[in-house]
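This report covers a single chain, from one residue to the fold as a whole. The sequence and structure come next.

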Amino acid sequence: MGGMLADQVAIITGSGRGVGREAALMMAEHGAKVVVSDRDEGPAHEVAAAIRTKGGEALVYTGDVTAADFAKGILDATVAAYGRLDILVNNAGYTSDALIHKMTDEQFQAMLDIHLIAPFRLIREAAPYMRDAAKKEIEQGIVHHRKIVNVSSVAGISGNVGQANYSSAKAGMVGLTKTVAKEWAGFNINSNAVAFGFIDTRLTQPKELGETVEGVAVGIPEKVRNLFIDKIPQKRAGDPKEAAAGIFYLASPLSNYVNGQVLHINGGTYT
């Protein structure tokens, strides 16, 4: 498949559903070979099948991104299949909400593990295929941009009631993003983040629907959900495709001179 990402290889964690799914489909449509990664095999294989149906290439890698051996496993599988890595999207995550005085150590640590420690491990594990590969290219006079896109949140910028754990982890992801940009920009590696506002996914659907992730109920009570949406200047939740478009932009050649930035995708919400 031709396109802006022709022959590039992209890992997208949490790409079995929601924004990650739309990002995987979008990148594949523009020619990328996509490693679809999710905890759940069913959704991951469905996304891969959708990519292949349209003539694209996809590899499925399932597992828990917080596992100590996950980063090495997915990088080994990617390189064994495609021989390279051009794009890394750290998207996997969920929420586990509680007010600070009721939040457990386990709840706080769980959000750090999935939203901050897992991305750090993946970036570190990717170094030989991004940073080191770029060094060799530069010595040969080759300029090839590689992209790291980390998914943060408005909560990581402004905080959010009931989400001290999630907000802290997402704020840490911004710091990680900017540090990688400073360390790796000289190797033609662009490290940026998206900060999503209210995007219509299972994490923001009405809690009354009873959806759970990792045994934790997710979603927002419908009355509260409606109050949030009413405060958005555009007066609606964002669509997963709109959110994925921001990831695509930062993964594409369109952003080759964008580094260490946080792209807000929130319908105008800044508080």
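## A residue in strand β6

Ser191 counts as buried, with 0% relative accessibility; buried means under 20% relative accessible area, exposed over 50% and partly exposed in between, with a 1.4 Å probe and protein chains only. Ser191 lies in strand β6, residues 189–196. Helices (H or I, at least four residues) and strands (E, at least two) are DSSP runs numbered from the N terminus.

Leaving aside residues up to four places away in sequence, Ser191 touches Ile148, Thr177, Val180, Ala181, Asn259, Gly260 and Gln261. A contact here means heavy atoms within 4.5 Å.

## Basis of the values

The model is predicted: local features need pLDDT of at least 70, side-chain atom pairs count only at pLDDT 80 or more, and totals for chains, interfaces and linings use all residues. Residues are numbered from 1 along each chain as its sequence is written, and side-chain values use heavy atoms, with hydrogens and water left out.

## Aromatic pairs

The structure holds two aromatic pairs. Rings of Phe, Tyr and Trp (its six-membered ring) pair if their centres lie within 6.5 Å; planes under 30 degrees apart count as stacked, over 60 as edge-to-face and the rest as tilted. Tyr61 and Phe70 make an edge-to-face pair, 5.5 Å centre to centre with 75° between the planes. Phe70 is buried, at 3% relative accessible area.

Phe198 and Phe228 make a tilted pair, 6.2 Å centre to centre with 50° between the planes. This pair links distant parts of the chain, 30 residues apart: Phe198 is in the loop between β6 and β7 (212–213), and Phe228 is in helix α7 (residues 222–231). Phe198 is buried at 12% relative accessible area, whereas Phe228 is partly exposed at 33%.

## The chain as a whole

Eight helices and nine strands make up the secondary structure elements of the chain. Its radius of gyration is 18 Å, close to the 18 Å that the globule rule gives for 271 residues, so the chain is as compact as a globular protein of that length. That radius is taken over C-alpha atoms, and the rule is 2.2 Å times the number of residues to the power 0.38. Along the principal axes, the C-alpha atoms fill a box of roughly 55 × 40 × 35 Å.

Buried residues account for 50% of the 271 residues. Of the contacts between residues at least 6 apart in sequence, 69% join residues at least 24 apart.
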